[in-house]
Amino acid sequence: MDSGSIPVGDLSGGLDLQATLESGQTFLWRREDGRAYETADATGGSAWYYTVVGWNDDADPEVVRARQRDGMVEWEATTDADSLLADRLRLDDDLPAIFDRIPDDPLLADARDAYRGLRIVDDPFFPCLVSFICSAQMRVGRIHGMQTALAREFGETVRFDGETYHGFPTPDRLARATEDELRELGLGYRAPYVRRSAELVASGEATSEDVRGLDYADAREAMQTFVGVGDKVADCVLLFSLGYLEAVPLDTWIQTAIADYYPDCEKGSYAETSDAIRAAFGGEFAGYAQTYVFHYLRNRG
DNA sequence: GACCAGGGCCGTC
DNA sequence: GACGGCCATGGT
């Protein structure tokens, strides 16, 4: 077993591992106590989280677990995980510099202060895509449960520290799953969307490489060649996997925030409202502001 | 039993 | 391009 630690004090803006992993932006980590991510609570503050990486065909799956305790991120893994954690958790993002570019109106300031150290994640494309296809009309806890079920049923297994772990299924494996098999995992009407999008990726007919590098507006449109992906899911994948930090997914919570705090930003269509709230959130890093607001509103009761 | 959840697809206008 | 009906499912 490999292990290491990362001093949180060395990170500009620090880190809140629990808020980062339980804020509904990634569904690829699981808490060792098995609790779903329906609500954040104090007991999870120093819990172990684990994930399986190298889920694609050209690498063996590796297990990484991490926890935040005493000013450190401690990790244990089947391989060296320092750079992997830095990439996945965007530990090089300079949070103070980012918030310098985000307006500090009362809502944004409260959300920032409530979850200092919350970072946008950088998830692998295919698992992120599937997660957010599954997210349609679904609560955070159940989206997480669906991804756990997909891994359990169709993912590669790997042994670590006496336990068996499951990686996220490959595009090819999900493309070969039947719609009924996916429905049995509780995916409902999303089942054919997941299967057809997996086919597109597995065949190479549409991949992340068709999106990466495009400017934001073209990237959001290109994402919608995947099945089950409209404007909102496209924005989520752009933000949480492809590094488009200006993307502002307009979900029900953000729509509520617009109605309550930014009524002038309501423009009728997704595109125009999205542009307006992106401007209100400071443009370049608006997705950071969005994720703080989402997590803040969803947890304040 | 209605209502809601990190919406998208499809037919119609 | 805008709009409505429809799509599963479990929790409150």
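## The annotated span

The end C-alpha atoms of residues 134–298 lie 19 Å apart. The span is 56% helix and 5% strand. Helices (H or I, at least four residues) and strands (E, at least two) are DSSP runs, numbered from the N terminus. UniProt, in an unreviewed entry, places the feature "domain: HhH-GPD" at these residues, 134–298. UniProt positions follow the numbering used here, feature names are shortened, and annotations may be inferred rather than shown by experiment.

This is a predicted model: local features need pLDDT of at least 70, side-chain atom pairs count only at pLDDT 80 or more, and totals for chains, interfaces and linings use all residues. Residues are numbered from 1 along each chain as its sequence is written, chains are lettered from A and ligands numbered from 1 in the order in which they are written, and side-chain values use heavy atoms, with hydrogens and water left out.

## The sheet

An open sheet of 5 strands has the order β1-β5-β4-β3-β2, with antiparallel pairing. β1 and β2 stand at the edges, each with a single partner strand, so one side of each has no neighbour in the sheet. Two strands pair if DSSP finds at least two bridges between them. Strands of a sheet pair through backbone hydrogen bonds.

Strand β1 (residues 2–7) runs antiparallel to β5 (residues 72–77), with 6 bridges. Ile 6 has Val 73 in β5 as its bridge partner. On to β4 (residues 62–69): 6 bridges join this strand to β5. Arg 69 stands opposite Met 72. β4 and β5 form a hairpin with 2 residues between them. In that turn, Asp 70 has a positive phi of about 55°.

The largest pocket holds about 580 Å³ of space. Of its 25 lining residues, the closest to its centre are Ser 135, Met 138, Lys 232, Asp 251 and Thr 252. Helices α6, α11, α12 and α14 each supply at least two lining residues. By class, the lining has 12 nonpolar, 8 polar and 5 charged residues. Ala, Val, Leu, Ile, Met, Phe, Trp, Tyr, Cys and Pro count as nonpolar, Asp, Glu, Lys and Arg as charged, and the others, Gly among them, as polar.

A pocket is an open set of points on a 1 Å grid over the protein atoms alone, where a 1.4 Å probe fits, with protein on both sides within 12 Å along at least five of seven lines; lining residues have an atom within 4 Å of a point. Grid points are joined across faces, edges and corners, and a volume is the space filled by probe spheres set on the points.

The second largest pocket has a volume of about 190 Å³. Its lining includes Leu 84, Asp 87 and Arg 88. The largest share of the lining, 3 residues, comes from helix α2 (residues 82–88).

Gln 25 lies in the loop between α1 and β2. Gln 25 counts as buried because its relative accessibility is 1%. Buried means under 20% relative accessible area, exposed over 50%, partly exposed in between (1.4 Å probe, protein chains only). The Gln 25 side chain makes a polar contact of 3.3 Å with that of Ser 23. Such a contact is a pair of N or O atoms within 3.5 Å; within protein, one must be able to donate a hydrogen and the other to accept it, and residues adjacent in sequence count only if both atoms are side-chain atoms.

Most residues other than glycine have a negative phi. Arg 90 has a positive phi of about 50°, and counts as buried at 17% relative accessibility. Asp 161 has a positive phi near 55°, and counts as partly exposed at 48%.
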